[in-house]
Amino acid sequence: MARQALLAALDDGWADPSKLYAQARRARQLLDAAREAVAEVLAVRPDEVFFTSGGTAAVRDGVAGRLRPGGAIVHSAIEHSSVLRAAQRYQASGGRAVSVPVDRLGRLDLDAWRAAVTGPGVAIAVLISASHEVGTVQPVADAAAACDAAGVPLLVDAAQSVGRVPVPEGWSLLTASARKWGGPPGVGVLVVRKRTRWSPPEPDAGPDPGPELVPGTPGVPAVVAAAAALRAVAATAQAEAARLSALVDRIRTTVAATVPDVEVVGDPVDRLPHLVTFSCLYVDGEALLHALDRRGFAVSSGSSCTSSTLRPSHVLEAMGVLSHGNVRVSLHSETTSDDVDRFLAELPGIVARLRAEVGV
Amino acid sequence: MTEPELLDCRGQRCPLPVIALAKRLPRLQVGAVLRVLADDPAAANDIPAWCRLRGQEFAGSPAPGVYEVRRTH
């Protein structure tokens, strides 16, 4: 779907949409239609939608449009690295960053959040809609109400939710990534509600102050493909979420029953439909990843040995759960029930062999 | 009060310190404390997590890279 739209838009929408010749006007029409489609799925106005060069750029621009010297940014301890990097940059320039803890299931501590957003000088609060590592859905509506009471705009990083599950209302800014909903890489979305005081990071970027002209705007063909993919996944999101959620339930219960000494992490019920994470005691995460890869299973890990920094995932650390032997399985539209069964059939033997190698 | 037994896992990366802890702790008396030295950053997270999963007592971290575990059963 996204591929077809991309190929069509490559033929038809290659021109610079800010110019005035015929091909440019055609590109502009495609871009406007894409923005309207994205706005409709997100239930916002088209002129509230900005396209960026990815989810990370959307976060960076969304946050930067709020921050002033000497203020504070509040975020949960389990945000995506793009948010943590924005907070670090702000700290380096003299601002304050307040990280709010989560419980063992990876859910935001709402009392600590309320206290943090009512602190002095808070310019923006950032909350992930659901953990990208363990799947736990965050209490966005309650967090938004706390922000509203404190007069602080909330940015929801909805990269994991858009196109899959509804995002609660009450936020001021929202970010998402087309790659995560099956669109092409290199397209992000930043939504800024009209009532929000927010300045584009580079307001003098071009002669046409259209919202798509944020610096680093992706090409029209990629945006068209992203919008087509979003419309397609949104149409089937409910049924697909139910299908994947049942597969995740099967993984959660079967792994816990067939693999000894395993900790399946994250909220078992209030979670994303497609994501499941577990840690196998005494197992090297990198070895487990490679063993699964050899059998055709492409999974991720939050274990320190799989990270370039040699630190375990900050999400697993914030939850206080086992970080070694960690596997994150992310299901998608082409994952079948048979794939899951084959994974579940092979996993116990793989884990047992790796444990035998280290004598446990 | 006797000094706790020492388990030196410095230079080892997780899960090796946790594996060493799991092998050593059962050889202590119930109630005794094992002091684990581990400089892998993941140990700060994984040693308390192992104690919770195994029902053993994490007795604290008196210094960076030092972890104490009491055998409870």
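Two strands pair if DSSP finds at least two bridges between them. Helices (H or I, at least four residues) and strands (E, at least two) are DSSP runs, numbered from the N terminus. With those terms, take strand E6 (residues 173–177) and strand E7 (residues 188–192) of chain A: five bridges join them, and they run antiparallel. Leu173(A) has Val192(A) of E7(A) as its bridge partner.

This is a predicted model, in which local features need pLDDT of at least 70, side-chain atom pairs count only at pLDDT 80 or more, and totals for chains, interfaces and linings use all residues. Residues are numbered from 1 along each chain as its sequence is written, while chains are lettered from A and ligands numbered from 1 in the order in which they are written.

**Chain A overall**

Chain A holds ten helices and ten strands. Its radius of gyration is 21 Å, close to the 21 Å that the globule rule gives for 360 residues, so chain A is as compact as a globular protein of that length. The radius is taken over C-alpha atoms, and the rule is 2.2 Å times the number of residues to the power 0.38. Along the principal axes, the C-alpha atoms of chain A fill a box of roughly 70 × 50 × 35 Å.

Angles run from 0 to 180 degrees between N-to-C directions, and axes are lines fitted to C-alpha atoms, for helices over the stretch in contact.

Glu57(B) has Arg70(B) of E4(B) as its bridge partner.

**Helices packed on H7(A)**

Two packed helices are described by the angle between their axes and the distance between the axes. Helix H2 (residues 22–42) and helix H7 (residues 220–258) of chain A have axes that come within 9 Å and cross at roughly 30°. That makes H2(A) roughly parallel to H7(A), a label for angles under 35 degrees. The crossing of H2(A) past H7(A) is left-handed. Left-handed means that the near helix is turned anticlockwise from the far one by less than a right angle; clockwise is right-handed. Among the residues making this contact are Leu30(A) and Val38(A) of H2(A), and Val223(A) and Arg231(A) of H7(A). The contact has 13 nonpolar, no polar and one charged residues.

H7(A) also meets helix H10 (residues 337–357) of chain A. Their axes come within 10 Å and cross at roughly 15°. H7(A) and H10(A) are therefore roughly parallel to each other. Here the crossing is right-handed. Contact residues include Ile251(A) of H7(A) and Leu344(A) of H10(A). By class, there are seven nonpolar, three polar and one charged residues. Ala, Val, Leu, Ile, Met, Phe, Trp, Tyr, Cys and Pro count as nonpolar, Asp, Glu, Lys and Arg as charged, and the others, Gly among them, as polar.

**Where the chains meet**

13 residues of chain B are in contact with 20 residues of chain A; contact means C-beta atoms, placed from the backbone, within 7 Å. Helix H1 (16–24) and helix H2 (43–54) of chain B each supply at least two residues of the touching side of chain B. The largest share, five residues, comes from H2(B). That side of chain B divides into ten nonpolar, one polar and two charged residues.

Notes:
Parallel < 35°, antiparallel > 145°, perpendicular 65-115°, else oblique. Contact = placed C-beta atoms within 7 Å.
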